[in-house]
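Work through the exercises below with the sequence and the structure open. Try each task before you read its solution.

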Amino acid sequence: MNERLPYDALFSGAIGKDYETLKLICPLATEMSRWVGYTVGHYPSSIQDGTLKVVELGGGTGITTLSILTSRADLAVISVDNEPIMQNQAKENLKEWVAARKLDFCGNDALSALRNIEENSIDIVASAYTIHNFDQAYRDEVIREIFRVLKPAGQFINGDRYALDDIKAHTRSVQKEIGGYFKVLIGENKLDVLEQWIVHLFNDESQNHVMRETAALEQLAVAGFISIELKHRMAVNAVVTACKPD
Ligand SMILES: C[S@@+](CC[C@H](N)C(=O)[O-])C[C@H]1O[C@@H](n2cnc3c(N)ncnc32)[C@H](O)[C@@H]1O
């Protein structure tokens, strides 16, 4: 978090310009997007529901957005991201979906975007690899807003870094991950990107950001969510789903 912005602007430099390298250094991040799309595709809805309204938080360059859009036909997605370097790539990559009126973009930060949405109006709030970037206080407000905007029986679907409760095991997993960053990015001669990802990782792992499994699930329960599940755990990543009571 900086003095000017109520959120961390971590995607404006080398990372944002060369986001595709994340696929190489952290293939599980892309895997999270795939699972988010899969889970949206399996959200139970009846024909009477018509178009499902989806809000995506942290659309980035459009990897998760595309996974959501291709998961089923009955969707209208608003993709929120406050970093133009990232969102402009999504706008370019997904322009057919905008033309087909399936996709809209919002350039606000997640909390401001949610605050502008009517309560009980959204079927699904989906996200991948974004909410772990938020500091604890901002994340708490975002979770409460997600609950407010969802319709009864609406679902929150998040594929993200959910830190292991076992801190030693978690640290070992992150150390292994860092080893992979060095191997790939030195091989690609992308030392500026390597530096930025290491700096970024310190942010992710800091006490006021780390999204530890049990605490994160409790935070959802406190906000009012039910049927809270953590699935598809892969190293420090997992998909969490939670429903607003019907
Ligand atoms: C790691 S990227 C994930 C992008 C995409 N979901 C994926 O998995 O490839 C995180 C994205 O969240 C965005 N972001 C970070 N903080 C945000 C905030 N407070 N509000 C909206 N977007 C935010 C960043 O700009 C970035 O594009």
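The model is predicted, so to speak of a local feature takes pLDDT of at least 70 and to count a side-chain atom pair takes pLDDT 80 or more, while totals for chains, interfaces and linings use all residues. Residues are numbered from 1 along each chain as its sequence is written, and side-chain values use heavy atoms, with hydrogens and water left out.

**Exercise 1. Salt bridges within a helix**

Solution: 
- Step 1. A salt bridge is a side-chain nitrogen of Lys or Arg within 4 Å of a carboxyl oxygen of Asp or Glu. The whole structure holds 14 of them.
- Step 2. Buried means under 20% relative accessible area, exposed means over 50%, and partly exposed lies in between (1.4 Å probe, protein chains only). Arg 144 is partly exposed because its relative accessible area is 43%. Asp 140, at 27%, is partly exposed. Glu 145 has 15%, so Glu 145 is buried. Arg 148, at 25%, counts as partly exposed.

**Exercise 2. A bridge across the sequence**

Task: Which parts does the pair of Glu 205 and Arg 161 tie together?

Solution: 
- Step 1. Locate the bridge. Glu 205 forms a salt bridge with Arg 161, with the closest N and O atoms 3.2 Å apart.
- Step 2. Glu 205 lies in helix 10 and Arg 161 in strand 5, so the pair ties together parts that are 44 residues apart in sequence.
- Step 3. Check the cover. Arg 161 is buried because its relative accessible area is 5%. Glu 205 reaches 26% and counts as partly exposed.
- Step 4. Widen the view. Arg 161, Glu 177, Asp 204 and Glu 205 are linked in a network of salt bridges.
- Step 5. Look for polar contacts (pairs of N or O atoms within 3.5 Å; within protein, one must be able to donate a hydrogen and the other to accept it, and residues adjacent in sequence count only if both atoms are side-chain atoms). The side chain of Arg 161 makes one with the side chain of Glu 177, at 2.8 Å.

**Exercise 3. The ligand shell**

Task: Which residues come nearest to the ligand, and how much of the ligand does the protein cover?

Solution: 
- Step 1. Define the shell. A residue is near a molecule or strand if one of its heavy atoms lies within 4 Å of it. There are 20 residues around the ligand, and Tyr 19, Thr 64, Asp 81, Ala 110 and Ala 128 come nearest.
- Step 2. Sort by class. The shell has 10 nonpolar, seven polar and three charged residues. Ala, Val, Leu, Ile, Met, Phe, Trp, Tyr, Cys and Pro count as nonpolar, Asp, Glu, Lys and Arg as charged, and the others, Gly among them, as polar.
- Step 3. List polar pairs. A polar side-chain atom of Thr 64 is 2.7 Å from a ligand nitrogen. A backbone N or O atom of Gly 58 is 2.9 Å from a nitrogen atom of the ligand. A side-chain N or O atom of Thr 130 lies 3.3 Å from a ligand oxygen.
- Step 4. Read the cover. On its own the ligand has 600 Å² of accessible area, and the protein covers 98% of it. Accessible areas come from the Shrake-Rupley method with a 1.4 Å probe; for residues, only the protein chains shown count as cover.

**Exercise 4. Positive phi**

Task: Where do Ala 153 and Asn 189 lie?

Solution: 
- Step 1. Read the angles. Ala 153 is not a glycine, yet its phi is positive, at about 75 degrees. Asn 189, also a residue other than glycine, has a positive phi near 55 degrees.
- Step 2. Ala 153 is in strand 5 (residues 150–161). Asn 189 sits in the loop between helix 9 and helix 10 (191–205).
- Step 3. Ala 153 is partly exposed because its relative accessibility is 28%. Asn 189 reaches 63%, so Asn 189 counts as exposed.

Note on methods. Helices (H or I, at least four residues) and strands (E, at least two) are DSSP runs, numbered from the N terminus.
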